[in-house]
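Here's a friendly walk through one protein model, from a sheet to its rings and its inner spaces. Have a look at the picture, then read on.

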Amino acid sequence: SKMKLQSLLLVLLLFVAASKSQECSCTIAEGFDAGTITPDQSGYSDNHEIIDGVDYGRLIYVKGLDVVFLEQVSTISPSTSTLEHTCPDNFRPPTKQDLINFLDDQEMVGANGFLNQSYHYVSSEKVYPDITGGGNADAWKFFVLEVSNGNYSMPETGLSTYFDGENMRALCILDIENKQVLLGGDGFEFDLQVGIPLPLEIIENNAVAYHWDVNGDVSEEDEILLVPQNEGCFSLTVKVMIFGGKKIENCFGYWVRPYMRSDGEITSLSNDDLILQNFENSSVWVNRGMHFTSGTAPIAPIGTGGAYVFYAEKEDYSLKVKKFNNDLEEEKTITVNAKGKPFDIVALPDMSFAIMFIQSEDSNNLLLQRLNEDGQVLFSVNIMNNGESPTEVTEQISFYKNADMESEFGMDIMYNPHNGRLSYGRGRIFAIFAHYNLFGYKEDNSRDQHTGDTILTFDLDGKNIQLGNSWGTSHSLLQSVVYNGHSFLTSALGDAYPENVAYSKLDFELKNTEDPISGIKNRHKFTSTSSLLDGFIVGSGTGFAAGRLGGLSELSNNLLASFYTRYPSTRSFTGKSNDIEEIGYILYDTTMNRVLYKSFDITHVNVIHSAKYGNGLVIAYSVAEKNGNDELAVSVSPNANTMHMMFINVLGDVIVDSFKVNNYSMSAADDFEVLNDGSIVWSYVDSNNHLQLWKLPAPPSGVYYDFDEYVSNDGDYEPETSLETKNGLDGNDNDEASDEASDEATNSSEYLLASMISVLIICLY
């Protein structure tokens, strides 16, 4: 709803919490001790009761009976078991005892009583409850209160809903036990975001008192404005007293994620914009491969600013994590008590992080660990550790499809993990990883082994493991993943099944099927498609593809941007061919439908990365010296390649033409990342094995795009200039406070706080 700012109560959610499951649970807070507010006498409510757009008239309160019911009565249908009526949700027909009570109350019966129409007021109780066969006339009989010419009676034999139903009606009595508080606003289907205001109001036409409790802070207004200030989980208790002194209450648990963007307009881009931080004292192991292999120095943005970068030392593969701020300045180096090769890293809300890697001593051992800033291991899970060319399971995460312990497809005997990606949302760590699996043996007794990717999620203790998909893209050469506040969305390049990019979506909602071993529900709802890209990206079936995966970006709760390259080839594993050479851009929505496709005529692309930047998208790519037609490119990224950048808007129009980057800095497999100020950062290890961090600076602040509206209007759109107006609020009432704040505020959440000082603040701790 669009409400003036000064009419709202501002609730600043300054909490630090991280639930250990995707359920952000809460307990109804105590309070609302103002006493019961009831009318002095029986009568009608001031407002009509509107439910799902239907007007049911006023509420009627009968003081002697302490009952509330709707002015509009319900029609009924012939019934032999449960009474079929049209009372709305949270209202019920009367019981037999209710009718008896009505008959004894003068405010209900009599010339001036509420029951003054000549109806048969039916109860929900049958006269003969054990008779249900429609062939028996008694099966249709219910107890009724008859009103006729001012006379009131309750015949012991009741009346038939079949023969007498036309003149039967049911009162709709408020069922306070089942009634819940309804909130109006932008809803909570998606996570809230730090610093983004969300107006909420209670939807209750006949409320007489309100009570909000947000993590212990109380308001008694009918509307509030939520402004989350930290990532995590918070609880909201809402209590309402409605006409007749009836109290209803609800408890809501909601997730908050960081606001990791800036939508400022980008009109130019050049080498002068690139910022380098060179760690000359470092000696980092580097991997120039991009398919079927690990990363080199993946980056994990931190919600409060800065990021972690995960790497291995050149000499002995000792694993390290550097923490750096938005200016690329190192804040600390964290020693991981392990040696290996990095797959990925993700930051968690409490400044801890999760890493996925293979051990250098045993490349078949894939581990997921969570560490705090001091390097303390909070959990360590062996995803697989079955050794080289195993014939039986030694140690791995397993899911089964039946009580005979037959493994889910692709999880029989897992080994030789290649690569993977991590993400985080709603208290769960998401992991996608590619690996070999031994399915069995062929007729000639050779190993029936193949590679594909598996998706799992973990709680923050590394437990309560849930399955997303046991076997996806085959062979999964490279993956990207984003969390959009509702689902985890992935893209993966296949060289066999499919010879294309496979897109998938994992929802937190679990399938309504029980695990055959544990008896619990532990399978996520999961959907996938490989039809967003027309045609093929030709693959060899052996780890090579005539194309590349170029990253995945979240533009809104609904829209995602995906990039890829492909070039002509006929050397397909399955006999397919492709004659298109391009950098391709696909804009798609969370229903897995393509919204837009753009092709850029750029040839000989070997590596491609992309990221949301300001009001558009940056594309960075390298051009190989050799990459001719009908050739499956070698999946490496030599320094001899040249690097280029370009900038497009969300509709795919080129805003800044491609230009050559002076200093090559393209990591083969590690994604570009967006920091919380909207800047883009990526890692590179140079020929001296020095770790480098590169950055495009934060876009201009104070501009906010609704990219769904921008796309639907084909770019004919004016962005908002404040978070208040972005959320349908009128921020003009706080101009003076905003002016005072503008000189001091340095980011959107600080600006928001300062610009609303004229609004009552109830939660600041």
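This is a predicted model: local features need pLDDT of at least 70, side-chain atom pairs count only at pLDDT 80 or more; totals for chains, interfaces and linings use all residues.

## Around strand β27

In β27, Ile355 is the bridge partner of Ile345.

On to the next neighbour. β27 is also joined to strand β28 (residues 365-371) by 6 bridges, again antiparallel. Here Met356 has Leu368 in β28 as its bridge partner, and the hairpin from β27 to β28 passes through 5 residues. Is β27 buried or exposed? Of its 7 residues, 6 are buried, so the strand is largely enclosed by the rest of the structure.

Let's step back a bit. β27 is one of 7 strands in an open sheet, which goes β23-β24-β25-β26-β27-β28-β29 with antiparallel pairing. At the edges sit β23 (299-301) and β29 (377-385), and each of them pairs on one side only. On average, neighbouring strands of this sheet are turned by 25° against each other, ignoring direction. As a bit of background, strands of a sheet pair through backbone hydrogen bonds, and they can do so parallel or antiparallel.

Strand β26 (residues 330-347) also pairs with strand β25 (residues 318-324), in the antiparallel sense and over 6 bridges. In that pairing, Lys320 meets its bridge partner Thr335 in β26.

## Rings that pair up

How many aromatic pairs are there? The count comes to 30. Take Tyr162 and Phe163: their ring centres are 5.0 Å apart and their planes stand at 80°, so this pair is edge-to-face, a label for angles over 60 degrees. Tyr162 is partly exposed, at 48% relative accessible area, while Phe163 counts as exposed at 61%.

Phe310 and Phe357 are edge-to-face too, with 6.4 Å from centre to centre and 75° between the planes. Phe310 lies in strand β24 (residues 307-312) and Phe357 in strand β27 (residues 353-359), so the pair ties together parts that are 47 residues apart in sequence. Phe310 is buried, with 0% relative accessibility, and Phe357 is buried as well, with a relative accessible area of 0%. Elsewhere, ring pairs link Phe430, Tyr483, Phe488 and Phe508 into a cluster.

## Charges over rings

The charged end of Lys96 sits over the ring of Phe143, at 4.2 Å from its centre. Lys322 lies over the face of Phe279, and there the distance to the ring centre is 5.3 Å.

Searching the whole structure turns up 2 cavities of 30 Å³ or more. The largest cavity has a volume of about 990 Å³. It is lined by 46 residues, and the closest to its centre are Met260, Pro301, Tyr483, Glu673 and Val674.

How values were computed:
Residues are numbered from 1 along each chain as its sequence is written. Side-chain values use heavy atoms; hydrogens and water are left out. Two strands pair if DSSP finds at least two bridges between them. Helices (H or I, at least four residues) and strands (E, at least two) are DSSP runs, numbered from the N terminus. Axes are lines fitted to C-alpha atoms, for helices over the stretch in contact, and angles run from 0 to 180 degrees between N-to-C directions. Rings of Phe, Tyr and Trp (its six-membered ring) pair if their centres lie within 6.5 Å; planes under 30 degrees apart count as stacked, over 60 as edge-to-face and the rest as tilted. Buried means under 20% relative accessible area, exposed over 50%, partly exposed in between (1.4 Å probe, protein chains only). A charge sits over a ring if NZ of Lys or CZ of Arg is within 6 Å of the ring centre and within 35 degrees of the ring normal. On a 1 Å grid over the protein atoms alone, a cavity is a set of points where a 1.4 Å probe fits but cannot get out, and a pocket is an open set with protein on both sides within 12 Å along at least five of seven lines; lining residues have an atom within 4 Å of a point. Grid points are joined across faces, edges and corners, and a volume is the space filled by probe spheres set on the points.
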